[in-house]
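Dear colleague,

Please find below the structure that I am handing over for your review. My notes on what was found in it follow directly after.

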Amino acid sequence: SRTPAGGYAVGLAVLELSRKVVRRSRVAEVGREVLRLLQRDTGESVYVGIYRAGRVVLLDGLEGAHALRVVCDLGDQCYLHASAQGRAVAAFLDEGVLARRLREQGLAAVTPHTVTNREMVLRRVAEDREIGYSINWEETVEGAVCLGVPFFAGQEGAVVGSLGLS
């Protein structure tokens with residue numbers, strides 16, 4: 001769309017196009033039913049994200065039923081070091097790939113609780129790998145605790161994305 005200054009800005013048509021792409025995504029399609037069940041059983045906000053270009057991109061989500069809830073926009077990107085969904089994926093990446101991604105992205109302090117020490121991040125990722133999920137204690141949103149669980153391309157396949165509960 002045209003801006004008052006004569007330039008151009010992304011218009012509402014992009015939002016509609018992105019929703020069509022999400023509706024065609026097999027991950028989002030399968031994930032939607034899982035999200036419904038998780039949201040119904042917990043009352044919390046739930047999200048499905050896919051690993052792309054070094055980050056977990058949120059494809060779909062359902063807001064929680066509680067007065068206090070975490071709300072994310074579809075298309076938001078989760079840091080590999082500072083989010084439960086990102087760390088859940090990071091735990092199952094090849095170590096060389098993870099090291100490169102962390103170097104490229106840096107270790108930004110999203111909140112005062114974000115761990116930005118590389119050795120500590122790698123230690124936490126190793127712990128997440130061992131237990132199979134990740135917990136984020138106010139590292140992305142102050143006052144919020146988030147749980148991230150990875151999912152894979154088949155039983156022996158690579159990590160594809162993660163489910164999050166906030």
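Glu-138 is located in the loop between strand S4 (134-137) and strand S5 (145-152); strands are DSSP runs of E with at least two residues, helices are runs of H or I with at least four, and both are numbered from the N terminus. Its phi is near 60°, a positive value in a residue other than glycine. Glu-138 counts as partly exposed, because its relative accessibility is 27% (buried is under 20% relative accessible area, exposed over 50%, partly exposed in between, with a 1.4 Å probe and protein chains only).

Please note that this is a predicted model, in which local features need pLDDT of at least 70 and side-chain atom pairs count only at pLDDT 80 or more, while totals for chains, interfaces and linings use all residues. Residues are numbered from 1 along each chain as its sequence is written, and side-chain values use heavy atoms, with hydrogens and water left out.

A positive phi, near 50°, is also found at Ala-53, again a residue other than glycine. Ala-53 sits in the loop between strand S1 (46-52) and strand S2 (55-62) and is exposed, with a relative accessible area of 69%.

Thr-114 belongs to the loop between H4 and helix H5 (118-131) and is buried, at 9% relative accessibility. A polar atom of the Thr-114 side chain lies 2.9 Å from the backbone nitrogen of Thr-111. Neighbours within four places in sequence aside, Thr-114 is in contact (heavy atoms within 4.5 Å) with His-81, Ala-82, Ala-108, Ala-109 and Glu-139.

One aromatic pair is found in a search of the whole structure (ring centres of Phe, Tyr or Trp, the last by its six-membered ring, within 6.5 Å; planes under 30 degrees apart are stacked, over 60 edge-to-face, the rest tilted). The rings of Phe-92 and Phe-152 have centres 5.2 Å apart and planes at 90°, so this pair is edge-to-face. Phe-92 lies in the loop between helix H3 (84-90) and helix H4 (95-105) and Phe-152 in strand S5, so the pair ties together parts 60 residues apart in sequence.

Yours sincerely

Definitions and conventions:
A polar contact is a pair of N or O atoms within 3.5 Å; within protein, one must be able to donate a hydrogen and the other to accept it, and residues adjacent in sequence count only if both atoms are side-chain atoms.
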